[in-house]
Amino acid sequence: MRVLLTGAAGFIGSHVYRALTGAGHEVVPIDLMVPAAHGPDATTPPGVARIDVRDGVALDGVLRGIDVVCHQAAVVGAGVSAQDAPAYASHNDVGTAVLCAAMDRAGCRRLVLASSMVVYGEGRYFGRRCGRVEVESRRPEDLAAGIFEYRGPDGESLTWDTVDEDAPLRPRSLYAASKLAQENYAAAWAAVTGSTVAALRYHNVFGPDMPRDTPYSGVAAIFRSALEVGQPPRVFEDGGQMRDFVHVADIAAANLAAVERPLPGFQALNISSGRPISILEVAATLAVARGGPQPVVTGGYRAGDVRHIVADPGRAARALGFVATVDPLDGLARFAFEPLRESAGVCAPSV
């Protein structure tokens with residue numbers, strides 16, 4: 001197939017590009033090379049067209065004859081400042097809307113969308129006595145007192161449960177809000193045009209070529225960067241936050257599966273390893289692999305952070321035949337010495 005790949009020069013996009021071309025597909029790669037992802041003076045890789053997905057005219061020129069669009073382009077991160085909101089809305093949401101409109105003009109009816117687990121906000125919780133509980137944001141006074149777990153109505157400490165794709169969508173950050181808006185635009189486009197969308201909700205992605213330590217990087221890269229300079233990884237809260245870390249090679253494999261196996265209508269799918277680990281385990285695994293100092297649990301916290309978010313990967317297995325192959329602990333041990341992007345993420349997102 002002919003595949004238009006947006007964000008092709010990025011961390012995830014470059015791995016998806018290799019997976020698609022390795023499977024014999026003809027890929028048309030584009031990337032805007034935004035400074036927040038590539039540094040202020042980055043050059044476009046050979047073969048990649050420098051195109052902004054918000055430029056409908058430019059998209060018209062590359063969408064002719066395209067069978068499926070694999071949309072990875074986005075400004076990423078948790079949203080460090082409220083001033084980041086216009087960039088998220090512009091690149092992620094306007095960009096997706098313009099892309100969908102251009103696909104309609106070109107008669108291209110299949111979209112694979114890079115979404116994120118951040119659309120869920122908090123994960124699911126239950127107690128032995130009270131059953132399932134829908135939680136709100138944690139109280140600042142509890143966090144300040146070192147009470148990080150949620151409690152039920154009678155004070156019982158709640159346990160996390162896996163999140164499937166039918167869970168409520170309650171974004172807790174600016175970035176999360178923009179990813180949910182992307183899904184909404186894509187779902188509405190699919191309904192109006194009779195098109196199909198596979199929205200791949202990535203969980204915590206890591207692997208070679210990941211952006212180095214910045215406020216917009218993933219936590220694995222931040223821990224790794226600290227260890228490289230002989231510093232201990234600094235872990236927020238008590239380190240017990242549970243996450244699902246998924247290797248970028250598995251993310252690329254999921255995209256390949258979604259390109260090759262059309263799904264009807266709009267379908268959201270968790271893309272995860274199915275092997276949850278704690279943030280402290282992530283830091284400790286990297287520290288042991290590098291022979292560096294052990295993690296320091298700070299007890300500090302960040303407003304808006306979720307406590308636990310762990311995926312149920314079953315639907316992706318049934319719909320796409322996708323099952324992650326990289327065990328997170330094995331992958332993190334290798335990641336301890338794999339190359340990182342030196343120039344990426346050196347500045348905040350901008351419009």
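I call a residue buried under 20% relative accessible area, exposed over 50%, and partly exposed in between, using a 1.4 Å probe and protein chains only.

**Entry 1: ground rules**

The model is predicted, so I kept local features to pLDDT of at least 70 and side-chain atom pairs to pLDDT 80 or more, while totals for chains, interfaces and linings use all residues. I number residues from 1 along each chain as its sequence is written, and side-chain values use heavy atoms, with hydrogens and water left out.

**Entry 2: Arg151**

I started with Arg151, which counts as partly exposed at 48% relative accessibility. I found Arg151 in the loop between helix H5 (140–144) and strand S7 (159–161); helices (H or I, at least four residues) and strands (E, at least two) are DSSP runs, numbered from the N terminus. Leaving aside residues up to four places away in sequence, Arg151 touches Glu156, Ser157 and Leu158, where contact means heavy atoms within 4.5 Å. I also checked Phe126: it is 25 residues from Arg151 in sequence and 9.3 Å away in space, C-alpha to C-alpha.

**Entry 3: the whole protein**

Next I stepped back. I count 11 helices and 17 strands in the protein. The radius of gyration is 20 Å, close to the 20 Å that the globule rule gives for 351 residues, so the protein is as compact as a globular protein of that length. For that, the radius is taken over C-alpha atoms, and the rule is 2.2 Å times the number of residues to the power 0.38. Along the principal axes, the C-alpha atoms fill a box of roughly 55 × 45 × 40 Å.

Of the 351 residues, 53% are buried. Among contacts with a separation of 6 or more, 82% join residues 24 or more positions apart. The accessible surface comes to about 14,200 Å², and 55% of it belongs to carbon and sulfur atoms; I used the Shrake-Rupley method with a 1.4 Å probe, and for residues only the protein chains shown count as cover.

**Entry 4: helix H7**

How many of the 10 residues of helix H7 are buried? Seven are, so H7 (residues 219–228) is largely enclosed by the rest of the structure. I listed them as Ala220, Ala221, Phe223, Arg224, Ser225, Ala226 and Leu227. After H7 comes Gly230, with a positive phi near 80°.

Asp209 has a positive phi near 75°. Asp209 sits in the loop between strand S9 (204–206) and strand S10 (210–211), and is partly exposed at 25% relative accessibility.

Glu237 has a positive phi of about 55°, in the loop between strand S11 (234–235) and strand S12 (242–243). Buried or exposed? Glu237 counts as buried, at 2% relative accessibility.

I searched the whole structure and found three cavities of 30 Å³ or more. On a 1 Å grid over the protein atoms alone, a cavity is a set of points where a 1.4 Å probe fits but cannot get out; a pocket is an open set with protein on both sides within 12 Å along at least five of seven lines; lining residues have an atom within 4 Å of a point. Grid points are joined across faces, edges and corners, and a volume is the space filled by probe spheres set on the points.

The largest cavity has a volume of about 120 Å³. Its lining has 14 residues, and those closest to the centre are Glu122, Gly123, Glu134, Pro168 and Arg170. Strands S5 (124–127) and S6 (131–133) each supply at least two lining residues. By class, the lining has seven nonpolar, one polar and six charged residues. Here Ala, Val, Leu, Ile, Met, Phe, Trp, Tyr, Cys and Pro count as nonpolar, Asp, Glu, Lys and Arg as charged, and the others, Gly among them, as polar.

I then turned to the second largest pocket, with about 160 Å³ of space. Its lining includes Glu122, Arg138, Tyr150, Arg172 and Asp305, and divides into five nonpolar, two polar and five charged residues.

**Entry 5: Pro171**

My last stop was Pro171, in the loop between S7 and helix H6 (174–193). Pro171 is partly exposed at 29% relative accessibility. Beyond residues up to four places away in sequence, Pro171 touches Val118, Val119, Ala176, Ala177 and Leu180.
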